[in-house]
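Colleague: I am new to reading protein models, and I would like to go through this one with you step by step. Could we take the questions one at a time?

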Amino acid sequence: MVNIVYGPVPSWRLGRSLGIDATLLPKACTFDCVYCQLGKTIRKLSSPKELNPVIGVEELIKQLERKIEKVGPDSIDFITFSGTGEPTLNPNIGNMISAVKRLIPFKPVAVLTNSSLVYLDEVRNALSNADLVSFKLDAADQQTFEEINRPVANIPNIKEIIESIKKFKAGHHGILALQIMLVDSIKPDFRVNFKGEALNCLIEGIAEIQPDQIQLNTPTRPVMEKHIKPVNSTILSAVEERIKEVTPESEVIRVDEERVPLKSIKREKKPIEELRGDILALLKRRPCRAVDISIALGTEKREIEAIVRSMVKEGVIIEIRSERGTYYTYSS
Ligand code: SF4
């Protein structure tokens with residue numbers, strides 16, 4: 001059985017988030033972002049009609065019931081559709097959101113989307129029932145958009161995408177967030193988005209949308225293209241100020257402001273085999289350090305360190321050293 005539900009994982013945006021993978025591996029996406037943590041986009045798709053296989057609502061609910069029973073509803077802050085690709089590629093996403101809300105009505109549902117398909121009426125309708133929809137917006141000019149997000153053919157241009165987000169906002173009663181990844185590069189000719197004309201356009205795009213929340217991020221985990229680097233906190237602060245000037249009503253959340261509610265973590269003793277399965281399910285979705293795994297799974301860090309070391313030796317996962325520590329990722 002393929003795991004559709006994973007976590008809860010600590011999310012700087014949403015606290016402890018129970019993840020739903022609406023597309024499954026290998027990664028199915030409409031983008032091939034230079035900073036993607038999941039490697040190259042293997043299944044490059046441009047429409048929900050192209051996704052195959054499609055996960056059904058019944059299978060999701062079966063797995064979700066089991067997971068909630070196991071972890072307890074108190075250890076979940078959000079139920080989030082994201083996972084290993086673009087969730088709006090799943091044509092069932094609207095029915096899935098409704099079914100999750102019926103099953104666990106007291107927990108908010110979030111969708112993290114790359115915004116590429118919001119121009120479709122059926123996608124806007126499907127997302128309208130979510131409590132929080134977070135749209136990716138790394139650039140608001142076509143050149144930077146193409147350089148950073150590398151959209152597949154048949155995806156609308158960035159101006160149309162921005163118009164579609166505004167259209168969605170007009171009919172949505174929940175929280176509308178923008179997720180912005182600021183990237184630097186060691187390649188002198190790479191069009192970065194944290195300065196110059198690219199930043200001016202991005203600020204204009206954000207001002208046009210006037211989101212409720214802006215999640216300001218920079219890559220902190222190992223990324224797809226080696227030339228991509230995070231921006232420093234001085235740049236993050238400068239961009240944050242520019243954003244606040246044009247969106248006085250919005251909440252701005254930065255990646256370096258940890259929001260994971262550590263208090264809610266339940267420490268529990270689990271059998272090794274179960275832990276190994278949970279670790280693998282987590283690492284298939286994102287690279288993590290031992291401390292991140294420990295928080296996500298509510299298990300002592302020392303125990304996690306011992307398990308990941310043996311999984312590295314066996315070649316099940318691989319180790320990547322970065323400035324923020326040692327990350328572990330799935331060895332596909
Ligand atoms: S970062 Fe998200 S949108 Fe970009 S390629 Fe990876 S999965 Fe797709």
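This is a predicted model: local features need pLDDT of at least 70, side-chain atom pairs count only at pLDDT 80 or more; totals for chains, interfaces and linings use all residues.

Colleague: Why does the radius of gyration of the protein chain agree with that of a compact globule?

Modeller: The C-alpha trace spans about 55 × 45 × 35 Å along its principal axes, and the secondary structure comes to 10 helices and 14 strands. Because a compact globule with 332 residues would have a radius of gyration near 20 Å, the value to set beside it is that of the protein chain, which is 19 Å.

Colleague: Among contacts between residues at least 6 apart in sequence, what percentage join residues at least 24 apart?

Modeller: For this question, two residues are in contact if their C-beta atoms lie within 7 Å. Among the contacts in the protein chain between residues at least 6 apart in sequence, the share that joins residues at least 24 apart is 74%.

Colleague: Which element gives the largest share of the side of domain 1 that touches domain 2?

Modeller: The protein chain is divided into domain 1 (5-254) and domain 2 (267-330), and their centres, taken over C-alpha atoms, are separated by 25 Å. Where the domains meet, 14 residues of domain 1 are in contact with 14 residues of domain 2. On the domain 1 side, the elements that give two or more residues are β1 (5-11) and β2 (15-21). The largest share, 5 residues, comes from β1.

**Single residues and bonds**

Colleague: Is G94 buried or exposed?

Modeller: G94 is found in helix α2 (residues 93-103), and, leaving aside residues up to four places away in sequence, G94 touches N125, A126 and N129. G94 and N125 are 31 residues apart in sequence, yet their C-alpha atoms are 7.3 Å apart in space. Because G94 has 20 C-beta neighbours inside 10 Å, the residue counts as buried.

Colleague: Where is the proline whose cis peptide bond has omega near 0°?

Modeller: Most peptide bonds are trans. A cis bond joins G7 and P8, with omega about 10°, and P8 is found in strand β1. The bond with omega near 0° runs from N52 to P53, and P53 has its place in the loop between β4 (43-44) and α1 (57-71).

Colleague: Is N154 buried or exposed?

Modeller: N154 lies in the loop between α4 and α5, and has a positive phi of about 75° although it is not a glycine. Because N154 has 10 C-beta neighbours inside 10 Å, this residue counts as exposed.

Colleague: How does the count of C-beta atoms class Q210, and what is the class?

Modeller: Q210 has its place in the loop between α6 and β10 (213-217), and its phi is near 50°, a positive value in a residue other than glycine. Because 15 other C-beta atoms lie within 10 Å, Q210 is classed as partly exposed.

**A helix and a hairpin**

Colleague: Which elements do the buried residues of α4 pack against?

Modeller: The buried residues of helix α4 (residues 142-149) are T144, F145, E147, I148 and N149. Just after α4, R150 takes a positive phi of about 45°. The elements that the buried residues of α4 pack against are α5 (158-170), β9 (183-185) and α6 (196-209).

Colleague: Which residue of β14 does I318 stand opposite?

Modeller: Strand β13 (residues 317-322) and strand β14 (residues 325-330) run antiparallel and are joined by 6 bridges. A hairpin through 2 residues leads from β13 to β14. In this pair, the residue of β14 that stands opposite I318 is T329.

Note on methods. Residues are numbered from 1 along each chain as its sequence is written. A residue is buried if 20 or more other C-beta atoms lie within 10 Å of its own, exposed if 12 or fewer, and partly exposed in between; C-beta atoms are placed from the backbone. Helices (H or I, at least four residues) and strands (E, at least two) are DSSP runs, numbered from the N terminus. Two strands pair if DSSP finds at least two bridges between them. Domain bounds come from an automatic or database domain assignment. The radius of gyration is taken over C-alpha atoms; the globule rule is 2.2 Å times the number of residues to the power 0.38.
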